[in-house]
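This report takes up the backbone, the ligand surroundings and the domain arrangement of the structure shown below.

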Amino acid sequence: GIRLAKRLDEVGFSDIVQIRNKVMSMRAEGLQVHALHGGEPFFETPDDIKFAAVRALVANQTHYAPSSGLPPLRQALVDKLAFKNSIQVTADEVLVTVGGSQALYGAFQSVLDPGDDALVFSPYWTPIGDLVTGAQARPLSVPTITARRNGVRKTLEQFSTPRVRAIYYNTPQNPSGLVFTRSEAEEVAAFARERDLIVIADEAYEDLVYDGEHVSIASLPGMLERTITCFTFSKTYAMTGWRAGYAVAKEPFMTALRKIILYSTNGVATPVQHAMLQALTTSESVIGARREEYRKRRDILIAGLNDVGLECDPPAGAFYAFPLTEKIDKNSRKAAQILLEKAHIATIPGSVFGAQGEGHLRFGYAIPVKEIENCVEALRAFFR
Ligand code: PLP
């Protein structure tokens with residue numbers, strides 16, 4: 001009979017899709033649902049970015065672009081990386097990808113062999129576990145909170161095995177909103193150098209840091225040559241649907257990544273790349289103003305959560321709150337189900353983000369202020 005490739009057997013689909021479907025069917029029944037399960041900006045893509053794509057289309061920029069990306073776009077990314085991330089690279093060390101997702105896929109496929117282990121700071125964005133198992137490797141969860149308490153380097157050592165080849169390092173972290181400090185980044189870097197490990201850095205939320213600073217681990221001494229850094233336009237520029245991202249790495253990583261891009265998508269849609277070029281002209285003050293919008297939402301939600309006893313420290317970055325669920329139910333799946341059915345509040349159970357997420361719920365606050373206020377009101381009513 002028909003048989004499929006075994007390497008996909010261990011790869012799952014995220015439960016987040018099921019929650020999205022459930023919300024849609026509740027809405028179809030005419031119910032009002034407070035939608036805090038999402039992870040995308042409510043802002044629309046700015047008009048100048050949209051017009052750049054339209055202009056490109058009208059000017060017949062509809063042909064193949066170089067598989068690695070348009071040269072002017074890669075050069076603009078080089079400048080951005082030097083200015084914002086203190087990462088000094090050439091245009092040959094930048095690769096335009098179909099969202100941060102393709103950059104991450106390429107990174108894991110490039111460095112992991114069957115039987116390898118990858119250290120993954122946990123809780124982690126759900127697809128990461130599947131990207132590791134999809135490369136026939138094993139994800140090893142490193143509890144971020146324990147690392148913070150007991151020392152990052154010591155904790156990495158404790159969870160490491162002789163088969164570890166890579167570390168997945170995401171800051172600001174989805175789903176917790178945690179931002180690693182510079183000294184924590186230095187500890188990860190020291191561990192990677194000492195054990196000769198590769199770092200896969202995920203900086204999807206680099207522009208959403210409210211407290212502290214964003215440090216690109218590739219900017220630390222001796223790290224550029226062992227790091228693949230994955231970026232996306234999705235969050236900073238509200239461009240989730242454009243599927244625009246990029247990877248930054250030196251050789252030999254770049255050659256491997258190029259092969260994966262060439263044989264999967266052969267590059268990113270040409271008009272999208274013109275939109276990306278325009279997005280990079282956005283001033284830091286505009287990005288900063290949006291960040292303040294998110295901060296406002298964070299503060300309203302965090303106050304509301306703590307108020308009803310869903311304990312939550314203000315997350316330093318990204319646009320998620322990750323409170324303890326104990327007051328509803330210790331089991332995060334049950335807690336999410338109760339909140340959805342009884343209060344019509346859609347959240348994501350922490351357990352989908354790995355074992356360290358259990359006991360938490362993820363609330364996404366990249367939505368209008370009014371909707372957050374309505375959610376807080378619904379929480380109050382629920383606990384009354
Ligand atoms: N990395 C993290 C931590 C994310 O949360 C996301 C999106 O939710 C991505 C990467 C990838 O985003 P995209 O594929 O839209 O660029």
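Asp196 counts as exposed, because 8 C-beta neighbours lie inside 10 Å and the class covers residues with 12 or fewer. In this predicted model, Asp196 sits in the loop between helix H8 and strand S6 (198-202). The phi angle of Asp196 is near 60 degrees, a positive value in a residue other than glycine. Asn60 also has a phi near 60 degrees, positive although the residue is not glycine. The loop that holds Asn60 runs between helix H2 (47-58) and helix H3 (71-85). Asn60 is exposed, with 8 other C-beta atoms within 10 Å. Most residues other than glycine have a negative phi, and most peptide bonds are trans.

|---|---|---|
| Thr171 and Pro172 | about -15 degrees | Pro172: between strand S5 (164-170) and helix H8 (182-195) |
| Glu251 and Pro252 | about 5 degrees | Pro252: between strand S8 (244-248) and helix H9 (253-264) |

Which residues come nearest to the ligand? Of the 13 residues around the ligand, these are Gly99, Gly100, Ser101, Thr232 and Ser234. Helix H4 (residues 99-111) makes the greatest contribution to the shell, with three residues.

At the level of the whole chain, the domain assignment gives domain 1 (6-44 + 284-383) and domain 2 (49-279). The centres of domain 1 and domain 2, taken over C-alpha atoms, are 25 Å apart. Domain 1 gives 32 residues to the contact, and domain 2 gives 32 residues. On the side of domain 1 that touches domain 2, the elements giving two or more residues are helix H11 (284-307) and strand S9 (320-321). H11 gives the most to that side, with five residues. The residues of domain 1 on the side that touches domain 2 comprise 16 nonpolar, eight polar and eight charged.

Strand S9 also belongs to an open sheet of three strands, in the order S9-S12-S11 and with antiparallel pairing. S9 and strand S11 (348-349) are the edge strands, each pairing on one side only. Two bridges join S11 to strand S12 (residues 361-364) in the antiparallel sense. Leu361, in S12, is the bridge partner of Pro349.

Definitions and conventions:
Residues numbered from 1 in each chain as written. Predicted model: local features only at pLDDT ≥ 70, side-chain atom pairs only at ≥ 80, totals over all residues. Domains from an automatic or database assignment. Contact = placed C-beta atoms within 7 Å. Helix = DSSP H or I, 4+ residues; strand = E, 2+ residues; numbered from the N terminus. Nonpolar A, V, L, I, M, F, W, Y, C, P; charged D, E, K, R; others polar. Near = placed C-beta within 6 Å. Pairing = 2+ DSSP bridges. Buried ≥ 20, exposed ≤ 12 C-beta atoms within 10 Å, placed from the backbone.
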